[in-house]
Amino acid sequence: MQITVTVNDAAFTREVEPRLLLIHFLRDDLGLTGSHWGCDTSNCGACVVWLDETPVKSCTVLAAMADGRRVRTVEGMAAGGRLDPVQEGFVQCHGLQCGFCTPGMMLTARWLLDHNPDPTAEEIREALSGQVCRCTGYENIVRAVQWASRHEAAGRDAGPAGGTR
Amino acid sequence: MTARQAYLSAYGPVRRKEDARFIRGRGTFVDDVQLSGMLHGAILRSPLAHAAIRCVDTAAAQAHPKVKAVITGETLAARNLAWMPTLSRDVQAVLATDKVRFQGQEVAFVVAEDRYSARDALELINVEYEPLPAVIDAERALDPGAPVIRDDVAGKADNHIFDWAAGDKAAADAAFAAADVVVAQDMLYPRVHPAPLETCGAVADLDEVTGKLTIWSTSQAPHAHRTLYSLFLGLPEHKIRIISPDIGGGFGSKAPVYPGYVCAIVASQLTGRPVKWMEDRSENLMSTAFARDYHMHGEIAATRDGTILALRVKVLADHGAFNGAAQPTKFPAGFFGMFTGSYDLRAAHCQVTGVYTNKAPGGVAYSCSFRVTEAVYLVERLVDLLARELDADPAELRMKNLLRPEQFPHTTPTGWEYDSGDYARTLQVALDAAGYPALRKEQAERRERGELMGIGISFFTEAVGAGPRKHMDILGLGMADGADLRVHPTGKAVLAVSCQTQGQGHETTFAQIVAEELGIPVDDVEVVHGDTDRTPFGLGTYGSRSTPVSGAAAAVVARKVRERAKIVAAALLEASASDLEWGGGRWQVRGDPAQGKTLAEIAMAAHSGLELPEGVLGHLDADTVYNPPNLTYPYGAYVCVVDVDPGTGVVKVRRFVAVDDCGVRINPMIVAGQIHRGLADGLGMALMQAITFDADGNCLGGSFMDYLLPTSVECPSWELAETVTPCPHHPIGAKGVGESATVGSPAAVVNAVMDALKPYGVRHADMPLTPANVWSAIQGTPVRTDLA
């Protein structure tokens, strides 16, 4: 079947098998290998991408279900060559080690901050609780999201033209 | 000379070089490798734990329009490749020929045009099995009449693998006979799996014209794998190139060679095309290296006043169907001989018996420092049980018996030479950070109210950085590591090392080591690793050996470069080399520090037309191999606070204080991250993780729905502190830290839960302390946690 999916603002039309998983469509058909496959059972979240405005586990979404919809992946996080504060936070706070869970973690964190710009540590942990990291023990991921929250707040305080970044 | 910036140490919390690619989704993991014409492989696995194979019918699979090849044990046997050597000098079936010996064992390999078609074709293979009785309970493996698993070994009539002992039995027995108090306990360290988020896989690409075989693989030991492939496959070693690109966590489980790697290689040979094989999560959990599975009986002897005298241990080690434990050859039980822990003992003895069962092979694969994890768990539980028996405070009992600073270097009753330590100070830092007296007071108040709060302590000593070559090898390859350092004319440096990162941050830490020795910016050092064609030989990354061994090699090779630079600097400064001193990150004239040359100035001169003095040929490059004189012995003190719900058995880890002494810290940010990981590991193993089996050998931990890993909501905010006791024999005083917290933390969690359950009279319950298991313990009926 033919599908058209807008990934990171670019439209892609491809002939796919109806059973093709979204994660494999992104990785194998489009070559966007930043999203990872980790478990098959929706437990680990290495494959999290946004479908329209919502993070989903792309190992349990069919590519066909994304037809006519928008997908955002880690490759689309930096806008105009400028890193998202979440990406910066992960670097500044050592929120990643092997880097395998990182894209999914960052995309969920981005969604959280869009809906709750000043989350508590508990709210951050709750938001990330559907995803697994085997390297960080989560502490520095929480700090990374807090870092991004603080810097975005500072940017807002400085007004639309200002900001410290 | 113009004013120079004040010289700053390159050590410190430098942000990681590798992050730039990972946060953009630009890492290159094995499954990201896409080659022109690449085919995809998939493995057919046994549904049964023990069965004879009567027939493997692949005709229908062969006929699938997208299938390019189907490989069976027969195909491999014709090439003499059906069995491969394991890292413990056993053999393991690549694809089964005679029978299957565990559920999930590799039976056939399909190569197809895409990954979905390869999976489809697996369904078309018909295997006729004749089920055999299985050995699932390790404690029954040596029963007379038990089914013999390894009848492939001529004359094998039982399931025994090895007996290994350490210590002085007579001295231990004498100490026990004279002791006021003896406490004994059976305890199981259940089978667990490290479950790195990236599963195992490989892309094999044989160039038929040049004969060069390139293998991208999830390997923690690319050089050792290259040698092993060469010996096993009969290919010349210089025609094999292993690339371990970005690796999504390893934790030891990516040290062995797996059948899938071999199948991908053979498939590339057969088809003339690159072949990718990536296992799925169930395959990963059911067939690649598990860890632990130690059934231990421990005894501790002491005087009435709480002086620990001796330890005795008997262990039954379940190694699964093939002995695939990745560990130094002379150590069949790994470094379990470290079970005397951090204490001043008179005598100790242990005996370990390894057995085969119808389970996946492995045994040393989860940040365990070659079974120091099991050893620490055993002794730290026994010390707590002794404290219970003596009605002593577990912190005070440890303080009384810890080795004292003046006893180092200390040779333990089982022969390990601990290099350095100030154990009491580290424990005190942990107790202070936790607010130990206040916690005990709070606990007493809560107990009055019927609330279950527990405080658990563990103190561990680790043995990492294997090893001295004369004592330690893997398959005959001495455990040393090489480093090459090149300095370009502009003073930029490229360090090539034999170890390989799976997330530990070598590209940053190793650059810091070189930068510190050469007085150049960290950004001016590029670290090359994970490619056998571009790096010197060495044994790889596991057992926390990167900084202790390769880190030492990096420092040593940088010092060689520095000494070579000194000769050139002397020529440049028209001074005698003996009049120069290294200061402020450059060579300068003693007594006249204004006269000095930086490495960049010296490097350019070395490449110039300058008439070079004797001892240098033109560049500053150097290489080395580091053969560690001893292991390093990091240590630490952990305090865990838990709350247990008596109605449900749910354990909540409220606080966890970890004080690690890993010697000099090159990048404290990375060190803290490593510790955080290990603490989450310990919490997971203590409370959640176990690979269990039913009576027929069905694996009950074969997915992340059944094998539970800690998430952000189970983990507390870790509280870290440190002490620093430099390693006396390491060039920069570092000891290694990668596995410390995994080794030290499970006992702290279990000790805390047992402390919480004290009002119920519970002495011991085995990990994982799931709500059901805790509830059973509260009812007075602790259960075996390895069997369904």
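These legends cover several close-up views of a predicted model of a complex.

Residues are numbered from 1 along each chain as its sequence is written, while chains are lettered from A and ligands numbered from 1 in the order in which they are written. In this predicted model, local features need pLDDT of at least 70 and side-chain atom pairs count only at pLDDT 80 or more, whereas totals for chains, interfaces and linings use all residues.

**View 1. Confidence in the model.** The complex has an ipTM of 0.97 and a pTM of 0.97 from the predictor. The pLDDT, the predictor's confidence in each residue from 0 to 100, averages 96 in chain B. There, 99% of the residues score at least 70.

**View 2. The two domains of chain A.** Chain A holds domain 1 (2-76) and domain 2 (85-162), with bounds from an automatic or database domain assignment. Their centres, taken over C-alpha atoms, are 22 Å apart. Domain 1 of chain A brings 13 residues to the contact, and domain 2 of chain A brings 11 residues. Residues are in contact if their C-beta atoms, placed from the backbone, lie within 7 Å. On the domain 1 side, strand β3 (residues 48-51) of chain A gives the largest share, three residues. That side has eight nonpolar, five polar and no charged residues. Here Ala, Val, Leu, Ile, Met, Phe, Trp, Tyr, Cys and Pro count as nonpolar, Asp, Glu, Lys and Arg as charged, and the others, Gly among them, as polar.

**View 3. Helix α2 of chain A.** Helices (H or I, at least four residues) and strands (E, at least two) are DSSP runs, numbered from the N terminus. In helix α2 (residues 85-92) of chain A, the buried residues are A:P85, A:V86, A:Q87, A:G89 and A:F90. A buried residue has 20 or more other C-beta atoms within 10 Å of its own, an exposed one 12 or fewer, and a partly exposed one falls in between, with C-beta atoms placed from the backbone. Their cover includes α3 (102-115) and α5 (139-157) of chain A, together with α1 of chain B. Just after α2(A), A:H94 has a positive phi of about 55°.

**View 4. Where the chains meet.** Chain B places 43 residues in contact with 42 residues of chain A. On the chain B side, α1 (19-22) and α16 (668-687) each give two or more residues. The largest share, seven residues, belongs to α16(B). By class, this side has 18 nonpolar, 14 polar and 11 charged residues.

**View 5. The largest nonpolar core.** This core contains 313 residues. Such a core is a set of buried Ala, Val, Leu, Ile, Met, Phe, Trp, Tyr and Cys residues joined through C-beta atoms within 7 Å. B:V514 and B:V753 have the most contacts inside it. Helix α14 (residues 546-573) of chain B supplies the largest share, 14 residues. Domain 1 (2-76) and domain 2 (85-162) of chain A both contribute, so the core lies between them. Beyond neighbours within four places in sequence, B:V753 touches B:G454, B:V642, B:V644, B:V651, B:L769 and B:V774.

**View 6. An open sheet in chain B.** Three strands of chain B line up as β6-β2-β8, with antiparallel pairing. The edge strands, β6 (99-100) and β8 (126-131), each pair on one side only. Strands pair if DSSP finds at least two bridges between them. Strand β2 (residues 51-57) of chain B has two bridges to β6(B). B:A51 has B:V100 in β6(B) as its bridge partner.

**View 7. A parallel pair in chain B.** Strand β25 (residues 493-497) of chain B runs parallel to β26(B), joined by four bridges. B:V494 lies opposite B:E526 in β26(B). Strand β26 (residues 525-528) of chain B has B:V525 and B:V527 on its covered face, and B:E526 and B:V528 on the uncovered one.

Key: Contact = placed C-beta atoms within 7 Å.
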